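Biologist: I have the model open here. Can we walk through a few spots in it?

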Amino acid sequence: MSKSDNIWYPYTQMHDYTRYLKRRVISSGRDFYFYDNDGNKYLDGISNMWCNVWGFNTNRITIAMINQIKQIPHSTIFGLGNDKSIELSNEFLKLTKGLNKVFFTDNGSSAIEAALKIALQYWSNQGNRKKTSFLSVADGYHGDTIGAMSVGYVDKYFKSYKKLLLKCHVIPSPKRVTLNGIVNLEKLNLLLEKTEKTIEKNADKTAALIMESGAQLAGGVNIYPTDYQNKIKEMCKRHNILFILDEIATGFGRLGNMIEYVAQESVPDIACFGKAITGGYFPLALTLTSKKIFQQFSGTLGDQKHLFHGHTYAGHPVGCTAVIENLKMYKENNLLGKIRSNSKQLRKRLQDFQSIPIVQNIRAKGLLAGFELAVNGKPITIVDKIPINYFVMRESLKRGVLLRSLGATMIVIPPLAIDSDSLNKIMDTQLEIVLDINKRNVS
Ligand SMILES: Cc1ncc(COP(=O)(O)O)c(C=O)c1O
């Protein structure tokens, strides 16, 4: 038995995954490449589960983290401050217009749990015990803990846990109003009318509406039409529901903007950040709130109005240091400028896919793109007798690139600071694999 047999991989059928994929064990990284124990290298085509910004070389983030760990490796913020969490909050709040308080967690799902608890307690602290459910958007994804699964319910993943989940009502996903990046305004207006009716009907019992900011990612790369997010925000305001935005996957440059809600002029009551904020170097996430929310938690100890939530590693100074240095690197390297030029290159390369018969509905924003693989309108699920996502991973790794698809949705999500040659290599590999799938399906 190899030592890796002791490990239980996420979202992986451990019984048979080696039937589809050769066992590979990563032991180091350089530039944007993973290196395995056998000396093979793989270009990171998925941003290391969507959080890789700078690649794997030693840089000022790693050096600052090492210096910090020598200073003090951990210092709790349960009732004490630590200098790095304070510095982080000062720097972060310069970016996040309208939000003034920072709550620390250590992964995206926990940041969502904190947001949901804050929303619920915001109402109960005012004596409103009716607002106990949530509104979410169909095809949204917010993580794998109980609250996060409830507001990002995906039946094929979460049905075993359904009985545990919170009460939720769902507004329609905007994905069907956009085709190849072009919005059907008539359909959009109908969708918005339907959405407002659902919000209005459930307003009395709803604490908050939660949605991903700018685009849904895991639910199929659904980029919102311009102004959609703002319209939802306005509806929440009209019907007295809190508005929570999840920027965990889409903020910090992924869609070409530092803070997506600022670019979309849709300041929420609560926002969650994670993944890229540390450059992917440390598990740290944040839940930010407005002053209006924070004030409802104020009172004497006896009032019991304070937030009953906290994780051991909240405000971890090493993680905070990573965020602080990462922010400096964004600025000094003009990363947003680079993302925008990378985005132009990505769009140009997507033209290579346009005339491939199985490719449908290409859409892109910033350094994110997606398209469907289908035959006669039916998504391709099996290729070479194996599930398409295993096929894409197997074929890409063979070519020295790590790619994953979301079922029949091909996703392009490279590290944010990627160089032009590496981006081309990712797109060349995607193209080869898609052409191969096309050949197997269209004779
Ligand atoms: C939009 C969004 N929210 C939340 C999460 C959960 O983050 P984590 O995996 O760090 O718990 C993810 C993870 O992919 C995500 O894409």
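Biologist: Where does Lys275 lie?

Modeller: In the loop between S13 and S14. Keep in mind that this is a predicted model.

Biologist: Is Lys275 buried or exposed?

Modeller: Lys275 is buried, because 26 other C-beta atoms lie within 10 Å and the cut-off for buried is 20 or more.

Biologist: What does UniProt say about Lys275?

Modeller: The unreviewed entry carries the annotation "modified residue: N6-(pyridoxal phosphate)lysine" for Lys275.

Biologist: Which residues does Lys275 touch?

Modeller: Leaving out residues up to four places away in sequence, Lys275 touches Trp50, Cys51, Gly108, Ile248, Ala249 and Gly280.

Biologist: And where is Phe282?

Modeller: Phe282 is in the loop between strand S13 (270–273) and strand S14 (285–289). Phe282 counts as partly exposed, because it has 19 C-beta neighbours inside 10 Å.

Biologist: What does Phe282 touch?

Modeller: Val318, Gly319 and Ala322, again not counting residues up to four places away in sequence. Met65 is 217 residues from Phe282 in sequence, and their C-alpha atoms are 9.4 Å apart.

Biologist: Changing topic: which residues touch the most other members of the largest nonpolar core?

Modeller: That core has 117 residues, and Ala115, Ala119, Ala208, Leu209, Leu242, Ile244 and Leu286 touch the most other members. Helix H5 (residues 108–124) gives the most to this core, with 10 residues.

Biologist: Which domains does this core draw on?

Modeller: At least three residues come from each of domain 1 (3–57 + 334–441) and domain 2 (62–332).

Biologist: What does Ala208 touch?

Modeller: Beyond four places away in sequence, Ala208 touches Ala119, Phe134, Ile241, Leu242, Phe243 and Ile244.

How values were computed: Residues numbered from 1 in each chain as written. Predicted model: local features only at pLDDT ≥ 70, side-chain atom pairs only at ≥ 80, totals over all residues. Core = buried A, V, L, I, M, F, W, Y, C linked by C-beta atoms within 7 Å. Buried ≥ 20, exposed ≤ 12 C-beta atoms within 10 Å, placed from the backbone. Helix = DSSP H or I, 4+ residues; strand = E, 2+ residues; numbered from the N terminus. Domains from an automatic or database assignment. Contact = placed C-beta atoms within 7 Å. UniProt positions renumbered as here; feature names shortened; annotations may be inferred.
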